[in-house]
Amino acid sequence: MNHTRPERRQGPSLVRGGLVPDSTHDQRLLDRRGPTGWLHEDPWRVLRIQSEFVEGFGALADLPPAVTVFGSARTGPDSPEYELGVKLGAALAKAGYAVITGGGPGVMEAANKGALEAGGISVGLGIELPHEQRLNDYVDLGIEFRYFFVRKTMFVKYASGFVALPGGFGTLDELFEALTLVQTRKVTSFPVIMMGVSFWSPLIDWIRDTLLATGKVSPQDVELVSVTDDPDEAVRLIVEADRRAATQ
């Protein structure tokens with residue numbers, strides 16, 4: 001059997017070989033070029049989007065309290081960041097939290113691994129990409145999404161907090177979306193934690209020295225994020241936020 005054929009996850013489906021399209025559902029949804037036939041297809045896309053929300057809500061509704069962990073898919077298993085992800089996943093599981101990641105390799109795999117090996121619940125929310133990225137082997141419950149915005153809703157709705165380990169554009173996207181939701185009080189009692197002081201310090205300095213200094217954010221906005229190298233400290237911040245929320 002030839003295992004070199006291209007393949008792609010499309011929601012719950014898997015296609016290979018000549019059936020793999022040259023674009024993703026997100027690309028086709030957002031693309032305004034070409035003929036206007038897309039106008040007549042959008043109602044069907046809405047139904048597909050609706051089905052992804054329904055499937056995600058149904059699969060995740062019975063989770064215990066959970067924490068979403070972000071980080072680079074490019075982090076190698078021998079790196080300190082991977083080890084930090086494993087320790088964080090284990091610490092969260094021991095504190096009674098399920099661990100939700102994007103389900104991919106790197107830091108996501110590390111956090112899933114730590115949670116699974118510590119006896120916790122390990123969740124992976126994958127996404128259809130132009131280049132296939134399978135769910136890692138440490139995921140207990142995995143869901144594949146077509147649309148980023150549906151997946152992002154699941155990351156927030158079922159989490160008691162976000163932890164961002166070192167990562168690239170995807171991690172920054174999720175990090176600043178979480179901060180925006182907290183800043184605008186779309187979510188409350190929701191800690192956002194950056195792990196990896198040396199990695200994140202230049203970004204924190206820029207927020208203070210540029211955004212705050214020029215009035216683009218307020219002093220209290222800067223305090224919305226915590227930075228630490230200690231998984232136990234990260235868990236403590238999340239637990240304290242949950243306790244405050246329970247008394248409100």
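What follows is a chat about a predicted model, covering its sheet, its helices and its nonpolar cores.

Biologist: Let's start with the sheet. How many strands form it, and in what order?
Modeller: This is a predicted model, to be clear. There are 7 strands in an open sheet, ordered 6-5-4-3-7-8-9, and the pairing is parallel.

Biologist: Which strands stand at the edges?
Modeller: Strand 6 (141-145) and strand 9 (225-228) do. Each has a single partner strand, so one side of each is left without a neighbour in the sheet.

Biologist: Take strands 4 and 5. Over how many bridges do they pair?
Modeller: Strand 4 (residues 98-101) and strand 5 (residues 122-127) pair over 3 bridges, in the parallel sense. In that pairing, isoleucine 100 stands opposite valine 123 of strand 5.

Biologist: OK, helices now. Which strands does helix 3 touch?
Modeller: Helix 3 (residues 80-94) packs on the sheet and touches strand 3 (66-70), strand 4, strand 7 (162-164) and strand 8 (192-195). The direction of helix 3 makes about 175° with that of strand 3.

Biologist: What about helix 5, which strands does that one lie across?
Modeller: Helix 5 (residues 148-157) lies across strand 3, strand 4, strand 5, strand 6 and strand 7. Against strand 5, helix 5 runs at about 160°.

Biologist: Back to helix 3. At what angle does it cross helix 9?
Modeller: Roughly 40°, and the axes of helix 3 and helix 9 (residues 231-247) come within 9 Å. The two helices are therefore oblique to each other, and the crossing is right-handed.

Biologist: Which residues make that contact?
Modeller: From helix 3 you have Leu84, Lys87, Leu88, Ala91 and Leu92. Helix 9 brings Pro231, Asp232, Ala234, Val235 and Ile238.

Biologist: Strand 3 keeps coming up. Valine 67, buried or exposed?
Modeller: Valine 67 lies in strand 3 and counts as buried, because its relative accessibility is 0% and the cut-off for buried is under 20%.

Biologist: What does valine 67 touch?
Modeller: Leaving out residues up to four places away in sequence, valine 67 touches Leu92, Tyr97, Ala98, Val99, Ile100, Ala159, Gly161, Val163 and Ile238. Serine 79, by contrast, is 12 residues apart from valine 67 in sequence and 23 Å apart in space, C-alpha to C-alpha.

Biologist: And threonine 68, buried or exposed?
Modeller: Threonine 68 is in strand 3 too, and it is buried, with a relative accessible area of 0%. Apart from neighbours within four places in sequence, threonine 68 is in contact with Ile100, Phe155, Ala159, Gly161, Phe162 and Val163.

Biologist: Switching to the cores. Which residues of the largest nonpolar core touch the most other members?
Modeller: Leu60, Ile100, Leu125, Phe162, Leu175 and Val192, out of 37 residues. Helix 7 (residues 197-212) gives the largest share of this core, 5 residues. Apart from it lies another core of 20 residues, including Ala115, Leu165, Ala234 and Ile238.

Biologist: What surrounds Phe162?
Modeller: Not counting residues up to four places away in sequence, phenylalanine 162 touches Thr68, Phe70, Phe155, Val156, Glu174, Ala178, Phe190, Pro191, Val192 and Ile193.

Biologist: Last one, helix 7. Which of its residues are buried, and what covers them?
Modeller: Trp200, Leu203, Ile204, Ile207 and Leu211 are buried. Their cover includes strand 7, helix 6 (169-183), strand 8, helix 8 (219-222) and strand 9.

Technical notes:
Residues numbered from 1 in each chain as written. Predicted model: local features only at pLDDT ≥ 70, side-chain atom pairs only at ≥ 80, totals over all residues. Heavy atoms only, no water. Core = buried A, V, L, I, M, F, W, Y, C linked by side-chain atoms within 4.5 Å. Buried < 20%, exposed > 50% of the residue type's maximum accessible area, 1.4 Å probe, protein only. Helix = DSSP H or I, 4+ residues; strand = E, 2+ residues; numbered from the N terminus. Contact = heavy atoms within 4.5 Å. Pairing = 2+ DSSP bridges. Axes fitted to C-alpha atoms, helices over the stretch in contact; angles between N-to-C directions. Parallel < 35°, antiparallel > 145°, perpendicular 65-115°, else oblique. Left-handed = near helix turned anticlockwise from the far one by under 90°.
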